Amino acid sequence: MQYQQYETQHIFDDHRQHMLYNQPTEPTLNTVAPSLPTNYYLREARLQRPLHGLSKVLAGIVRKINQLLGFTFIMLLLLLLTRFLLTLFGLTTSLIVRWIYDASNIMLIPFDNILPKVPYHGMMVDVSVMVAMGAYRVVVVMVRWVLRVLVARV
């Protein structure tokens, strides 16, 4: 079996110059199938146009709130995870560790001492931090779902 070698094909106009890919290759095509006039397209009613624009703006705002909520949740989760690891390994003396404990105390007020710290092979497992991370996850998922439904309805 022999292989045939094909030459690359180029698009040229009448003067043997390259044409752009979006230029019409057939000059009579524009006269055969002209574009439709703009008054043939369906238009929204005069009162619906501002409402349509307002709904797009509100949908954009809700999407940004959704993104901000996701970012805030990730930062909160990282803060609580850091506190959990610091408690697990018993690190409490550094200034940074104190700052992390102080910053995360506000988020742990509703879950403070729900369950006691459990000793595990010389380390302390703070179960209330794990419960708080799970509860915040459930709340964020529910709020983001409600926001997604609002955007879908708009």
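Visitor: A helix here is a DSSP run of H or I at least four residues long, and a strand is a run of E at least two long, both numbered from the N terminus. How many helices and strands does the chain have?
Guide: This is a predicted model. Read along the sequence, its elements follow the pattern α-α-α-β-β-α. The count for the chain is four helices and two strands.

Visitor: Which helix has the lowest mean pLDDT among the elements of the chain, and which the highest?
Guide: pLDDT is the predictor's confidence in each residue, on a scale from 0 to 100. The chain has a mean of 81, with 75% of its residues at 70 or more. Where pLDDT is low, the predicted coordinates should not be read in detail. The lowest mean, 58, belongs to α1 (residues 29-32), and the highest, 93, to helix α3 (residues 95-108).

Visitor: How far does α2 reach from its first C-alpha to its last?
Guide: Helix α2 covers residues 48-89, and it has 42 residues. At 1.5 Å a residue, a span of 62 Å is expected. Just after the helix, glycine 90 takes a positive phi of about 75°.

Visitor: Which element gives the most residues to the largest nonpolar core?
Guide: That core has 14 residues, and those with the most contacts inside it include Leu80, Leu108, Val125 and Tyr136. Two elements give two or more residues to it, namely α2 and α4 (127-153). With six residues, the element that gives the most is α4.

Visitor: Leaving aside neighbours within four places in sequence, which residues are in contact with leucine 108?
Guide: Leucine 108 is one of the residues with the most contacts inside the largest core, and so are Val129 and Ala132. Leucine 108 touches both of these, and its other partners complete the set.

Visitor: How many residues are in the second, separate core?
Guide: Its members include Leu79, Leu86, Val97 and Ile100. For the chain, buried residues make up 21% of the 154 residues. The second core has a residue count of five.

Visitor: Is threonine 87 buried or exposed?
Guide: Threonine 87 has its place in helix α2. Leaving aside neighbours within four places in sequence, its contacts are Tyr101, Lys117, Met124 and Asp126. The relative accessible area of threonine 87 is 7%, and the cut-off is under 20%. Threonine 87 therefore counts as buried.

Visitor: Which residue in β2 is the bridge partner of lysine 117?
Guide: Strand β1 (residues 117-120) and strand β2 (residues 123-126) run antiparallel, joined by four bridges. Tyrosine 120 in this pairing stands opposite methionine 123. The partner of lysine 117 is aspartate 126.

Visitor: What phi does histidine 121 take, although it is not a glycine?
Guide: Histidine 121 sits in the loop between β1 and β2, in a hairpin with two residues between the strands. At 69% relative accessibility, this residue counts as exposed. Most residues other than glycine have a negative phi. Histidine 121 instead has a positive phi of about 50°.

Visitor: How far apart in space are phenylalanine 89 and methionine 124, C-alpha to C-alpha?
Guide: Phenylalanine 89 is found in helix α2, and it is exposed, with a relative accessible area of 53%. Methionine 124 is 35 residues from it in sequence. In space, the C-alpha distance is 7.1 Å.

Visitor: What distance separates the C-alpha atoms of arginine 137 and phenylalanine 73?
Guide: Arginine 137 lies in helix α4 and is partly exposed, with a relative accessible area of 43%. Along the chain, arginine 137 and phenylalanine 73 are 64 residues apart. Their C-alpha atoms are separated by 7.8 Å.

Visitor: Among contacts between residues at least 6 apart in sequence, what share joins residues at least 24 apart?
Guide: A contact means heavy atoms within 4.5 Å. Of the contacts between residues at least 6 apart, the share joining residues at least 24 apart is 52%.

Conventions:
Residues are numbered from 1 along each chain as its sequence is written. This is a predicted model: local features need pLDDT of at least 70, side-chain atom pairs count only at pLDDT 80 or more; totals for chains, interfaces and linings use all residues. Side-chain values use heavy atoms; hydrogens and water are left out. A nonpolar core is a set of buried Ala, Val, Leu, Ile, Met, Phe, Trp, Tyr and Cys residues joined through side-chain atoms within 4.5 Å. Buried means under 20% relative accessible area, exposed over 50%, partly exposed in between (1.4 Å probe, protein chains only). The expected span of a helix is 1.5 Å times one less than its number of residues. Two strands pair if DSSP finds at least two bridges between them.
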